[in-house]
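Colleague: I am new to this structure and would like to learn how to read it. Could we go through it one feature at a time?

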Amino acid sequence: MLWPVLQAQASEPDARYPGAGPAAVGLGDTLVRATRSPFFAERLRVAGVDLAEPTWDRWRAIRPTSKEELRALADFDGEVVIAPRAEVVEFWRSGGVTGRPLYYPRTAADLAHAKSSFRLGLEIAGVTASDTLMVSFPFGIHPVGQMVARAAEAIGAAVVWAGAGSQLPSAAQVELIGELGVTVWCGMPSFGLHLANAAEAAGAPLADRDVRLLVTSAEVVSAPKRSLLQRLWGAEVRDIFGMTECTLMGAECGRAEGLHVWTESSFCEVLDPDTLEPVPVGETGTLCVTPKRTTHATPFVRWLSGDLVRLEAGCDCAYSRYPRIVHSGRTAGFLKLRGVNIGHREAEEALYSIETLRDFRVLVTPDDRLIVELEAVSGGEDATAERVRRLFADTFGVRADTRVVGRGTVVEATAGQVKAQRFVDERASV
Ligand SMILES: [Zn+2]
């Protein structure tokens, strides 16, 4: 399938690499800036990129970069950062749940571009100036919370800077949703479930409130989790997607599967995870992103995000010119238990399809026991626990012990994590 922009150009030889070369799709500045970073300059030199006339051929020869490679650098600032400190106005911490975090400086120009990307993402998701929008992402060094709030203000929405549960207790958040007439809520899906549970427990379900739209990010929204959120809030769910190496890149319009990625901000490639060669259009591979505009301090070229995706074209919405990223059901994350792989995403989908389950955490103890902590609707704890045990036995062939915990325990245990860790391998830390 061709990307929409190319449908008029039947003679185009390769839909994935349009135009005469990288400069034709707005990657020229990124390449020029990359030559000022010793790390990326070397990659470009080895690939034989001619800055005066870069070709797709040479572009594809640039070795993609992983976060592990950057973590291994002794002098990240000296090797990668090209902006003098006087031009830096903010630091962003990289996402991810494992390993040493990296801190990326951002210039005023980067922030302006980032804000316009977040704004576009919220607009695609359906946020308008008439909305009252609550932001319940954590506010901190990770940028998602404050960027969503700033972008929503730029749209003209009335913004409530609530933050994570550790910043404003969930009971107070639930109260404010009613009191201020919040129409759009933004946060992590699991925290959205937690707020809905808290409201239900307080006898004032959120489905009775004015919220019409949930904008989620930072966690995979599996289909069962999405329908649970929609039911508990009486609202639509739209996911937005970005990474600190770039900025916000994609948003769901709700009309077609996946997230539209706006081509002004990033250039997306899908590569074979083993060979790092581009896969055919429409096939699943590892996402490789090159930011086009947020490159004044860290000019990443061909960044491997770790997401497994495919690119698709077309839609019947106003943003059909942007291709869509569809995240794969496959996942890199799994627990290995006595020779059995338990995929995080597969387990999560199965668990959330138990309608009496409200939240969970899967732990593997140092002595190889699998324990599922679970929260369930009042009165349904024992039956839910039994279903969880049966699910692990039937689906994965492993024995799971269950532990019923009080409502809100899991969210408390993962408070402050931008990507809440619902799968914890305690063997890793011994
Ligand atoms: Zn669309």
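This is a predicted model: local features need pLDDT of at least 70, side-chain atom pairs count only at pLDDT 80 or more; totals for chains, interfaces and linings use all residues.

Colleague: Which strands make up the open sheet of 11 strands, and in what order do they lie?

Modeller: A sheet is read by listing its strands in the order in which they pair, and here the order is E4-E3-E5-E6-E7-E8-E9-E13-E12-E11-E10, with mixed pairing. Strand E4 (158–161) and strand E10 (266–271) each have a single partner strand, so they stand at the edges and one side of each is left without a neighbour in the sheet. From one strand to the next, the twist averages 35°.

Colleague: In what sense do strand E3 and E4 pair, and over how many bridges?

Modeller: Strand E3 (residues 132–135) pairs with E4 in the parallel sense, over four bridges, and to find the pairing in the view you can look at Leu133, whose bridge partner in E4 is Val159. On this sheet packs H6, which touches E6, E7, E8 and E9 and whose direction makes about 10° with that of E8.

Colleague: How far does helix H6 reach from its first C-alpha to its last?

Modeller: Such a span is read against the one expected at 1.5 Å a residue, and H6 (residues 108–125), with 18 residues, reaches 26 Å, close to the expected 26 Å. Its buried residues include Asp110, His113, Phe118 and Leu122, and the partners against which the buried residues of H6 pack include strand E2 (103–107) and helix H7 (144–155). After H6 comes Gly126, with a positive phi near 115°.

Colleague: At what angle do helix H8 and helix H9 pack?

Modeller: Helix H8 (residues 170–179) and helix H9 (residues 189–201) pack at about 80°, their axes being 9 Å apart, and because an angle from 65 to 115 degrees counts as roughly perpendicular, that word describes H8 relative to H9. By class, their contact has five nonpolar, three polar and no charged residues.

Colleague: What order do the strands take in the open sheet of four strands?

Modeller: That order is E18-E17-E16-E19, again read along the pairing, which is mixed. Strand E18 (401–404) and strand E19 (423–425) are the edge strands, each pairing on one side only, and the twist averages 20° from one strand to the next. Strand E16 (residues 357–364) runs parallel to E19, joined by three bridges, and Val362 has Phe423 in E19 as its bridge partner.

Technical notes:
Residues are numbered from 1 along each chain as its sequence is written. Helices (H or I, at least four residues) and strands (E, at least two) are DSSP runs, numbered from the N terminus. The expected span of a helix is 1.5 Å times one less than its number of residues. A residue is buried if 20 or more other C-beta atoms lie within 10 Å of its own, exposed if 12 or fewer, and partly exposed in between; C-beta atoms are placed from the backbone. Two residues are in contact if their C-beta atoms, placed from the backbone, lie within 7 Å. Axes are lines fitted to C-alpha atoms, for helices over the stretch in contact, and angles run from 0 to 180 degrees between N-to-C directions. Angles under 35 degrees count as roughly parallel, over 145 as roughly antiparallel, 65 to 115 as roughly perpendicular and the rest as oblique. Ala, Val, Leu, Ile, Met, Phe, Trp, Tyr, Cys and Pro count as nonpolar, Asp, Glu, Lys and Arg as charged, and the others, Gly among them, as polar. Two strands pair if DSSP finds at least two bridges between them.
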